[in-house]
Amino acid sequence: MTTPEEVLKLIRDKNIQMIDLKFIDMPGTWQHLTVFRNQIDENSFIDGVPFDGSSIRGWKAINESDMAMVLDPNTAWIDPFMQEPTLSIICSIKEPRTGEWYNRCPRVIAQKAVDYLVSTGIGDTAFFGPEAEFFIFDDVRFDQNSHEGYYYVDSIEGRWNSGRAEGPNLGYKPRYKEGYFPVSPTDTLQDIRTEMLLTMAQCGVPIEKHHHEVATGGQCELGFRFGKLVEAADWLMTYKYVIKNVAKKYGKTVTFMPKPVFQDNGSGMHTHQSLWKDGQPLFAGDKYAGLSETALYYIGGILKHAPALLAITNPTTNSYKRLVPGYEAPVNLAYSQGNRSASIRIPLSGTNPKAKRLEFRCPDATSNPYLAFSAMLCAGLDGIKNKIDPGEPLDKNIYELSPEELAKVPSTPGSLELALEALEKDHAFLTEPGVFTEDFIETWISYKLDNEVNPMRLRPHPYEFALYYDC
């Protein structure tokens, strides 16, 4: 643990003049305010630094715009991308007039989820380990107006460029669905991923590995160690920040969109999770795949609430272009120790009970990690409290099931709109514990409908011209 005094001493010792205060908005984008060193003192870690919240998506009206960023001293690191030495600190949001934490701040919601876990007596720590995939492109262009709409992405690695005159074209392009994971020269991104990983370490993220991913055209993944719920979300936001800025340094661009490339694998965020109490793991036992009864009930909660859960863990219209059969996306609401087409997988953990965990494979990195992790925890705890049976595991190859067998396996929602409808009907598992408020759920649903679902519905799609222009 780092104290405010230690952060202030670091500022003095390193003669740091600029402090960059970061916080997350409702949809999941980091926002920031940079202040001169004399604006930060010990009170900044208690009452916060004031700012105008009226222009933040999903937050305050202009007549109630005063808010405060409360600095978390445990999140301080020197920003590797700033010319002037700049200390980065992640903040949570308070209501300055009342001193209460703001109930639409995702980081506040995440802390409330942890507090709820402790209050149940079930456990005292929730560990999360997200695996966020992404694409590194060399060029991207997109536009939409009244009479045209298009997107264009390109990568030197793209298999679609195998016939392009590149002076010379060396021909080392990963085949579709075969990017996992040949060595250089087919993998052209080794050095950039290494720099991304080592830069993350400089920012306090406990790094593990990096590799190319399945899709052609620059799909990659970096790995970092699991962490407690709030710190894991902090690390994931640092992960995204570092990856995008290192890519920019190389003249490349990164997207965490789940499905930016047609007819190849999309990018997910498989999320490992486990509960602990008094330093002991709660998911290891003598049941299926070495799980405990507690773990199976947790799985039951995830599966029961999955349609509603996906409105938070898969919160974009593009998310549901990844969740389709035929790729590695998990569209089947079932669990298995080895079947990657099941939405929950039990990874191999050997004989070490501390490594026993489950992997929820549906989420993607367009989600706000503070909200996604909190919602998953609430669903799992609901399963434990109500002893929800997850049913039998799905250990068969889903593609070999008969139509009768397949009809018995529930599927993920087919669109963001359907997921939002499920959330509207099923959100007591989020609100009754006091983690999410009714106000937040209503705001989330209306924001997504007004800003994403309905605008998409109004616009003609380029492929519709291929289907219908000559009708």
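In which sense do strand β1 and β6 pair, and over how many bridges? The legends below take this up and then move to other close-ups. This is a predicted model, in which local features need pLDDT of at least 70 and side-chain atom pairs count only at pLDDT 80 or more, while totals for chains, interfaces and linings use all residues. Residues are numbered from 1 along each chain as its sequence is written, and side-chain values use heavy atoms, with hydrogens and water left out.

**View 1. Strand β6 and its partners.** Strand β1 (residues 18-24) and β6 pair in the parallel sense over five bridges; strands are DSSP runs of E with at least two residues, helices are runs of H or I with at least four, and both are numbered from the N terminus. Two strands pair if DSSP finds at least two bridges between them. Look for Leu 21, whose bridge partner in β6 is Ile 89. Strand β4 (residues 66-71) pairs with β6 in the antiparallel sense over four bridges, and here Ala 68 stands opposite Lys 94. Strand β5 (residues 77-78) is also antiparallel to β6, with two bridges; Trp 77 stands opposite Ser 88.

**View 2. Both faces of β6.** Nine of the nine residues of β6 (residues 86-94) are buried (buried means under 20% relative accessible area, exposed over 50%, partly exposed in between, with a 1.4 Å probe and protein chains only). One side carries Thr 86, Ser 88, Ile 90, Ser 92 and Lys 94, and the other Leu 87, Ile 89, Cys 91 and Ile 93.

View 3. Thr 238 sits in helix α4 (residues 229-249) and is buried, at a relative accessible area of 2%. Apart from neighbours within four places in sequence, Thr 238 is in contact (heavy atoms within 4.5 Å) with Trp 30, Trp 77, Cys 203 and Val 205.

**View 4. Two aromatic pairs.** The structure holds 21 aromatic pairs. Rings of Phe, Tyr and Trp (its six-membered ring) pair if their centres lie within 6.5 Å; planes under 30 degrees apart count as stacked, over 60 as edge-to-face and the rest as tilted. Trp 59 and Tyr 102 are edge-to-face because their ring centres are 5.3 Å apart and their planes at 85°. Both Trp 59 and Tyr 102 are buried. The rings of Phe 134 and Phe 256 have centres 5.4 Å apart and planes at 50°, so this pair is tilted. Phe 134 belongs to strand β7 (residues 125-137) and Phe 256 to the loop between β13 (253-255) and β14 (269-277), 122 residues apart.
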